[in-house]
Amino acid sequence: MALLETKDLGIVFGGLKALDDVYLKIEEKEIIGLIGPNGAGKTTVFNLLTGVYTPTKGAIRFMGKSIIGKKPYQINRIGIARTFQNIRLFKAMTVLDNVKVAMQQHRRYNVVSAMFRLPPYWKEERKMTEEARELLKIFDMEDVAEQQASNLPYGQQRKLEILRALAARPKLLLLDEPAAGMNPTETHELMETIRRIREMFGVAILLIEHDMSLVMGVCERIYVLDYGTLIADGTPEEIRSNEKVIKAYLGG
Amino acid sequence: MGKLKKKTGAYYLVNTVLTAILFTVLFLLISGRTLNNYWSGVVVLICINVILAVSLNLVTGILGQLVLGHAGFMLVGAYAAANFTRAVVTNGTMSLYVALPIAMVIGGLVAAVFGVVIGIPALRLRGDYLAIITLGFGEIIRVMANASFLQPVTNGAMGLSVKTFSNRTDPGAMFVFAFVVMALVIVISYTFGRSRHGRSVIAIREDEIAAEAMGVNTTYYKLFAFVLAAFIAGVAGALYAHHIGMIDPSKFDFNRSVEILIMVVLGGMGSISGSVISATVLTILPELLRGFSDYRMLLYSIILICVMLFRPSGLLGRYEISLPKLVDKLLHRKEKAAKTGEA
């Protein structure tokens, strides 16, 4: 059974078919790329998978169960976490609190314990702080734990977003243009980070990216979207020599 | 970690001691009649306004939504509580000392029910739209209070007289209730803001889409913050009614809501200590300016405009003043001074 499977997935905005007939299949611990020219519908796929939009046709099955109609927070709790194309951190909160927000669905205590600081509050908060710090350590960010998220440099903000998504303990991680705005050195580092994440956390990763060196370097399989439909899928080598793909990117 | 816990414990102790001292001093001043009736009344009003400002801060500061119907929740709470005490105290079931705490809870609960009913549709909107719709609901509540079919509960525009403590035999009673509730509300909203629940609410303020994508049930937490604020406003309304001894619906109009909002904005949205300070100052200020009654509102407005011009984020912004930290700093300075002296 695949971790995530979509069948005949499509959505119509008004009269516009934004996506049509999208078939995706992701196995556990796979790293998959989703590429395509601007406006092809890549982020729309993410929004469908995470419940931001409801598809007008087709099926999405995650771990064998349909997730259509579920709200974004419910889908996150089942095990799909994402990052955003334009960074969406909780800017006025500390780095540590950013991580804790994603973590706290696993560390529950009720409002009364919170207001009167009863033992469950102390126990869960302490565990949460420890876990969050460990996670920050893995990404070499423990020294900025108490800093406000908006004060971080751009590269670290991107990293924090990935880290925050991982804090929710997902089985599938969706990365929306993680290398956007990065220089070649940073992109190379990111490639290492993505591989390391898969090993350490055992997650499958689906990533949207324009940087071909990253996509070709790290992905095991690639899906190509153009005008809302899949035009190709296969290994990086197959995609590189696929005529339809070349046509879509170069025009003609 | 152990050190941190020890420090937190010490902070709690300092805060408790300082609060107890403040309470004792004010109580002695009021019950010993050192403060005259008028100023004792002002002290109670300060407590009530602090409660209101801190509760509105939950919505405006922590959730980041503009709400203009706080006086409506106050009014609902006031009516519910007053009718309860009228019933039980008049027929002698219990004394007002026992009845008032129960009445406050009832007032809070009824206001919370209204909060749920209003919040579910209203919280689909945000920003200006939410402000306008809550303003509308607040006014509806006030107008309904004058409706003839509700006369048995509200006594309409004539005003409903409310049981009060006898000022002659026990001038400090109302102060005790108001102060205790105030302290409790401050503590609760502080700890709430620093728990997983408060963090969820703050995350919604910072970025609703990201919060939802990170597993925060945004609808639930928005409603929760709104209803909690409504509950506390209802309790404050109950206190207010039993302090003044009369519920006049026209006192709970749009202006009252704005007044509370100004306290929050002036103190700094998101800062509890800011709300406390500005609620205190803005309650005393109009009283002090009574001497220049013609120019009172003029001065009041000028002060507001100046603060907003020079400190647009409010007096404290999102910063919190912590007395124990202050004490800590002073002590350490002394230690340092002692050390350098030795050297």
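Predicted model: local features only at pLDDT ≥ 70, side-chain atom pairs only at ≥ 80, totals over all residues.
**Confidence**

For chain B I noted a mean pLDDT of 89, with 95% of its residues at 70 or more. Among the elements of that chain, helix H10 (residues 218-244) of chain B has the highest mean pLDDT, 97, whereas helix H14 (residues 323-342) of chain B has the lowest, 68.

**Chain A as a whole**

I then turned to the make-up of chain A, in which I find 10 helices and 10 strands. Its C-alpha atoms fill a box of roughly 65 × 40 × 35 Å along the principal axes. I compared the radius of gyration with the rule for a compact globule: for 252 residues that rule gives a value near 18 Å, and chain A has 19 Å, which agrees. Of the 252 residues in chain A, 42% count as buried. When I took the contacts in chain A between residues at least 6 apart in sequence, 66% of them turned out to join residues at least 24 apart.

**Helix H1 of chain A**

Which residues of H1(A) are buried? I list A:Lys42, A:Thr44, A:Val45, A:Phe46, A:Asn47, A:Leu48 and A:Leu49. That is seven of the eight residues of this helix (residues 42-49), so the helix is largely enclosed by the rest of the structure. After H1(A) comes A:Gly51, for which I noted a positive phi, near 85 degrees.

**Helix H3 of chain A**

I looked up helix H3 (residues 95-103) of chain A in the same way, and because nine of its nine residues are buried, I describe the helix as largely enclosed by the rest of the structure. The buried residues include charged side chains by name, A:Asp97 and A:Lys100, and A:Val95, A:Leu96 and A:Met103 are also among them. Against what do the buried residues of H3(A) pack? In chain A they pack against helix H5 (119-138) and helix H6 (154-167), and in chain B against helix H8 (196-206) and helix H9 (208-213).

**Contact between the chains**

I next examined the interface, where 23 residues of chain B are in contact with 28 residues of chain A. On the side of chain B that touches chain A, the elements giving two or more residues are helix H7 (173-193), H8 and H9 of chain B. H8(B) supplies the largest share of that side, with seven residues. Sorted by class, the side of chain B that touches chain A has 11 nonpolar, seven polar and five charged residues.

I followed H8(B) to its crossing with H3(A), where the two axes come within 10 Å and cross at roughly 105 degrees. Angles of 65 to 115 degrees count as roughly perpendicular, and H3(A) and H8(B) are therefore roughly perpendicular to each other. The contact is made by A:Asp97, A:Lys100 and A:Val101 from H3(A), and by B:Arg199, B:Ser200 and B:Ala203 from H8(B). By class I record two nonpolar, one polar and three charged residues in this contact of H3(A) with H8(B).

I checked two residues of chain A that have a positive phi although neither is a glycine. A:Asp21, with a phi of about 55 degrees, is found in strand S2 (residues 16-26) of chain A. I count A:Asp21 as partly exposed because it has 14 C-beta neighbours inside 10 Å. A:Met63, with a phi of about 50 degrees, is found in the loop between strand S4 (57-62) and strand S5 (65-66) of chain A. With 16 other C-beta atoms within 10 Å, A:Met63 is partly exposed.

**A:Thr56**

My last entry concerns A:Thr56, which is found in the loop between H1 and S4 of chain A. This residue has 15 C-beta neighbours inside 10 Å and so counts as partly exposed. Which residues is A:Thr56 in contact with, leaving aside its neighbours within four places in sequence? I find A:Gly10, A:Ile11 and A:Val12. I also looked up A:Gly251, which is 195 residues from A:Thr56 in sequence and 30 Å from A:Thr56 in space, C-alpha to C-alpha.

Methods:
Residues numbered from 1 in each chain as written. Chains lettered and ligands numbered in written order. Buried ≥ 20, exposed ≤ 12 C-beta atoms within 10 Å, placed from the backbone. Helix = DSSP H or I, 4+ residues; strand = E, 2+ residues; numbered from the N terminus. Contact = placed C-beta atoms within 7 Å. pLDDT = per-residue confidence, 0-100. Rg over C-alpha atoms; globule rule 2.2 N^0.38 Å. Axes fitted to C-alpha atoms, helices over the stretch in contact; angles between N-to-C directions. Parallel < 35°, antiparallel > 145°, perpendicular 65-115°, else oblique.
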